[in-house]
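Take a moment to turn the model around before you read on. We will then walk through it together, from the whole chain down to a single residue.

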Amino acid sequence: MNVEQFRADLRAWLDDHDLTPGPGDSLPGHMKQLARVHSALYEAGWMRYGWPVAVGGLGGPALLRAIVGEEVVGRRLAEPGPYSMVEVLAPTMIDYAPAELAAEMVPRLLSGREQWCQGFSEPGSGSDLASLATRAVPRGDDWIVNGQKVWTSFAQFSTRCILLARTAPGNSSPHDGITAFFVDLDTPGISIRPLRTMHGVDEFCEVYYDDVVVPSSRMLGKPGEGWRLAMDLLPYERSTCFWQRIAYLYSRFDELIAQAPDPDEFDLGAAYLALHMLRCRSRATQHRLADGARLGPETSIDKVLLATAEQRLYDAVHDLLPGAVELDQTPWRSEYLYSRAATIYGGTAEVQRNIIARRLLDLGKD
């Protein structure tokens, strides 16, 4: 398929179909708008391109998914954070769920009928994922889960969760004995408590599991394969989920230029250079996927470039729009505050640089 023709056809379709968000700026509103956009795109076929036919897709390279995300978010029809979850979780279901389960569930996510979340991080086990303490013990044909997760994005709006739990001791390595499950969040024993961040949005949640029954049929992969699943999922969290965020940052860069009363060429140049480096790297990742490559530790480079570009852009906002961050209740203020977390979410900058040094440059543990 000619990708430029695909983009042109998509743009024409979006021009002819009004998916403009309604008034207001709230997280519940953003989630409702995301479901609306996904539903319209899925019914028209756009949301199905780049996904396997076996899960309701129309085939084609992942690059087509990137184009859809870029065009939708670049037009500000959906927020990049919620939109990105499909790029993190759907590939994991396709690779690890039983074929029948993936065929049943993935279309629900692509079509906007459901939102899912990711239950990895725990208090004291954020970047050190191997030390997680949530446990699942077998009981007949089920598993009983007890524990706590934190920083679970959009859990209060989600129907299901890809959950990591310890099912056996890590005898030879703490990575051993971790298993993944696909959990319905309306199961008795699950409670969700949103967390308000400094930018004033309840994006993250604590999720408690108290004797939660999960059928064995909802295991993703085999017992003990949870660490492998996580290592396959995290590269998506550090690369493909940024495709639409890059388009969003470019749109905000254009608005900064339009609003800055006295633009400084150095500030704007530094922000543009960081954005352009990120986009070039992201394009390379897209083409590697199109060539059949599996993503791995090299996506830590994508993550470091994303954090650098996002913070540099909003540092330019701080310098060029006096009072927009400190005094005015505008989107610039909340976005600036959120950008401070860019070096934390999806894996801290320190962890990403360690991965680059050790696994890509072979510099050793020191």
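The paragraphs below begin with the overall fold and end with one side chain.

Please keep in mind that this is a predicted model, in which local features need pLDDT of at least 70 and side-chain atom pairs count only at pLDDT 80 or more, while totals for chains, interfaces and linings use all residues. Residues are numbered from 1 along each chain as its sequence is written, and side-chain values use heavy atoms, with hydrogens and water left out.

Let us start with the whole chain. It has 11 helices and 8 strands; these are DSSP runs numbered from the N terminus, with helices being H or I of at least four residues and strands being E of at least two. The radius of gyration, taken over C-alpha atoms, is 21 Å, close to the 21 Å from the globule rule (2.2 Å times the number of residues to the power 0.38) for 366 residues, so the chain is as compact as a globular protein of that length. Along the principal axes, the C-alpha atoms fill a box of roughly 65 × 50 × 40 Å.

How much of the chain is buried? Of the 366 residues, 53% are buried, where buried means under 20% relative accessible area, exposed over 50% and partly exposed in between, using a 1.4 Å probe and protein chains only. Contacts (heavy atoms within 4.5 Å) tell us about the fold too: among those with a separation of 6 or more, 71% join residues 24 or more positions apart.

Now find strand β4, residues 160-166, where 7 of 7 residues are buried. Arg160, Ile162, Leu164 and Arg166 point one way from β4, Cys161, Leu163 and Ala165 point the other way, and all are buried.

Which strands pair with β4? Two strands pair if DSSP finds at least two bridges between them. Strand β1 (residues 116-119) pairs with β4 in the parallel sense over 4 bridges, and strand β5 (residues 178-184) pairs with β4 in the antiparallel sense over 7 bridges. Cys161 shows both pairings: this residue of β4 is the bridge partner of Cys117, and Cys161 also stands opposite Val183 in β5.

Finally, look for Gln352 in helix α11, which spans residues 349-360. Why does Gln352 count as buried? The reason is that its relative accessibility is 0%. Leaving aside residues up to four places away in sequence, Gln352 touches Arg238, Ser300, Lys303, Val304, Gly346 and Gly347.
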